[in-house]
Amino acid sequence: MSDPELDKIINKVAKEEKIFKKKSALDTSNPPLKLVSRVNEVEKIVRYIHDYKQGHVVPLVSIYGRSGTGKSTLVRYVCNYFPEIILCFVNLKKAKTVFGGVNLILNELDQPSLTSAQGMNLGMEKIQEAILNKMKLERKKLFILALDEFDVIFYDKRGNPSDFVYKLVEMIAELKNNGCLAMIITISNNVLSDSELDDRIKSRIGNSEIFFKPYSHEEMLEILRARAEEAFDKKIDDKVLEKCAKVSYLEHGDARRAVDLLRVSAEIAAKEKKDLTIEHVNAASQQLQKDRTGEVISSLSHHSKLICLVLAAKTYGLEKNWHATKSIYEKYVKYLGSEPVSYRRFSELLKDLENTGLLESKTGSRGQKGYRTEFQLIMDPQIVGEIIDKKWWNEIVVHPKASLDKAKNSGITKSNPVYLHYKMAKKGIESWW
Ligand SMILES: Nc1ncnc2c1ncn2[C@@H]1O[C@H](COP(=O)(O)OP(=O)(O)OP(=O)(O)O)[C@@H](O)[C@H]1O
Ligand SMILES: [Mg+2]
């Protein structure tokens with residue numbers, strides 16, 4: 001059966017894809033052919049690992065760094081480079097609970113899952129047994145258990161994450177007694193606060209830490225050049241790559257998002273049947289910001305959405321970026337009408353929003369009046385407003401603001417009879433921002 005309409009669409013898409021020689025080089029879930037930059041971080045990892053040749057390694061190395069700074073990629077790449085190492089890499093984000101983490105490790109070692117009723121201790125025994133067998137069978141020198149997105153298990157308030165880590169470190173010691181050298185590498189976005197690990201663990205694991213800085217402009221450019229060379233037939237104008245690197249460096253220092261930006265820019269150019277230019281990068285940047293903001297906002301609670309809406313209205317309407325907690329709270333109460341959360345809870349919600357990357361805060365001293373925290377939206381207020389409530393946003397913010405701007409620009413002066421009218425309107429509308 002043939003379908004000419006469908007064929008037409010398939011041909012169109014195939015034609016667009018011709019811009020790419022190997023599009024998978026721009027897929028950030030694929031490991032890179034070669035590591036670019038990060039020499040210092042690579043050296044630090046190598047130093048910790050390489051000690052196995054002396055028959056001694058630290059039990060646990062903690063790696064910290066913001067999203068897209070190459071943590072997971074580097075750990076995999078460096079560990080896999082040593083033929084004498086077995087790497088067991090698990091992403092704890094897939095587990096959510098402590099016991100889920102135990103099962104993930106078991107599965108990665110080709111073992112069946114346990115039920116939580118069978119208990120953590122049995123889980124640990126099974127893991128230890130599987131490691132010993134694997135090391136003996138494959139005759140390797142070092143076993144590395146990499147726990148990616150390690151901070152996630154600390155959200156499991158019902159389980160006991162601290163105990164889980166303690167048991168793993170104990171297991172490493174027991175493996176050593178059995179002639180098997182092993183170490184744990186934890187990878188997290190946030191440095192764990194002291195309260196999250198209890199003292200017996202802290203003293204056991206010492207402080208073998210590696211911090212990954214966000215990528216610099218030059219490093220970002222290097223990564224993009226390597227990917228572009230692989231992905232496109234035609235040489236991409238360096239100005240385009242420079243632009244992608246600059247936007248990414250200024251906004252986040254995240255290599256994953258930099259590569260995504262290049263891919264989406266190329267897709268837009270392909271649709272227009274044009275060579276890739278800086279304008280395509282601008283369009284892609286807008287589109288990605290919209291997608292990302294939408295994704296983050298869709299997972300927020302009603303109250304958090306409202307907080308974002310208030311901030312967006314204030315930022316756009318008043319043309320001012322930073323806003324104090326109190327002023328945001330007052331408008332939030334006004335918009336909500338009934339049953340607002342307490343001021344204290346409100347401050348917590350603002351902090352949570354900061355963790356999602358939608359807001360950022362700064363705290364400054366106000367002399368004898370103490371300290372004041374202010375917040376600003378990181379995302380474009382218009383994008384935020386439209387995503388949360390387009391109708392409201394246009395009626396309460398965009399149209400009134402446009403009328404006010406128009407009145408202002410038409411040269412209203414105090415002696416003008418419409419001035420009073422204008423001033424009252426302004427006051428009325430601004431009371432909403
Ligand atoms: N030094 C590098 N050379 C080549 N590609 C890199 C490098 N660093 C990162 N990348 C690419 O950037 C993307 C993000 O890297 P990675 O997943 O390692 O970041 P991460 O620090 O683990 O981030 P997250 O905290 O979000 O998990 C991957 O697609 C990776 O291939
Ligand atoms: Mg990672």
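## The antiparallel sheet

Three strands form an open sheet in the order E6-E8-E7, with antiparallel pairing; strands are DSSP runs of type E with at least two residues, helices are runs of H or I with at least four, and both are numbered from the N terminus. Strand E6 (323-324) and strand E7 (359-365) are at the edges with a single partner strand each, so one side of each has no neighbour in the sheet. Two strands count as paired if DSSP finds at least two bridges between them.

E7 and strand E8 (residues 371-377) are joined in the antiparallel sense by 7 bridges. Leu359 has Leu377 in E8 as its bridge partner.

## The model and its numbering

This is a predicted model, in which local features need pLDDT of at least 70 and side-chain atom pairs count only at pLDDT 80 or more, while totals for chains, interfaces and linings use all residues. Residues are numbered from 1 along each chain as its sequence is written, and chains are lettered from A and ligands numbered from 1 in the order in which they are written.

## The chain as a whole

The protein chain has 16 helices and 8 strands. Its C-alpha atoms fill a box of roughly 90 × 60 × 50 Å along the principal axes. Of its 433 residues, 30% are buried (20 or more other C-beta atoms within 10 Å of the residue's own, with C-beta atoms placed from the backbone).

## Strand E4 and its partners

Strand E4 (residues 182-188) is mostly covered, with 6 of its 7 residues buried. E4 pairs in the parallel sense with strand E1 (residues 60-65) over 5 bridges, and Tyr64 stands opposite Ser188 in E4.

Strand E3 (residues 142-148) also runs parallel to E4, joined by 5 bridges. Ile144 has Met183 in E4 as its bridge partner. From E3 the chain passes through helix H6 (residues 161-177) to E4 in a right-handed β-α-β crossover; right-handed means that, with the strands pointing away from the viewer, the path from the first strand over the helix to the second runs clockwise.

## Around ligand 1

Thr28, Ser67, Gly70, Ser72 and Thr73 come nearest among the 19 residues around ligand 1 (C-beta atom, placed from the backbone, within 6 Å of the molecule). Helix H3 (71-81) and helix H10 (255-271) each supply at least two residues of this shell, and H3 gives the most, with 3 residues.

Domain 1 (12-28 + 216-296) and domain 2 (39-212) both give residues to the shell, so ligand 1 lies between them. The domain bounds come from an automatic or database domain assignment.

How values were computed: Buried ≥ 20, exposed ≤ 12 C-beta atoms within 10 Å, placed from the backbone.
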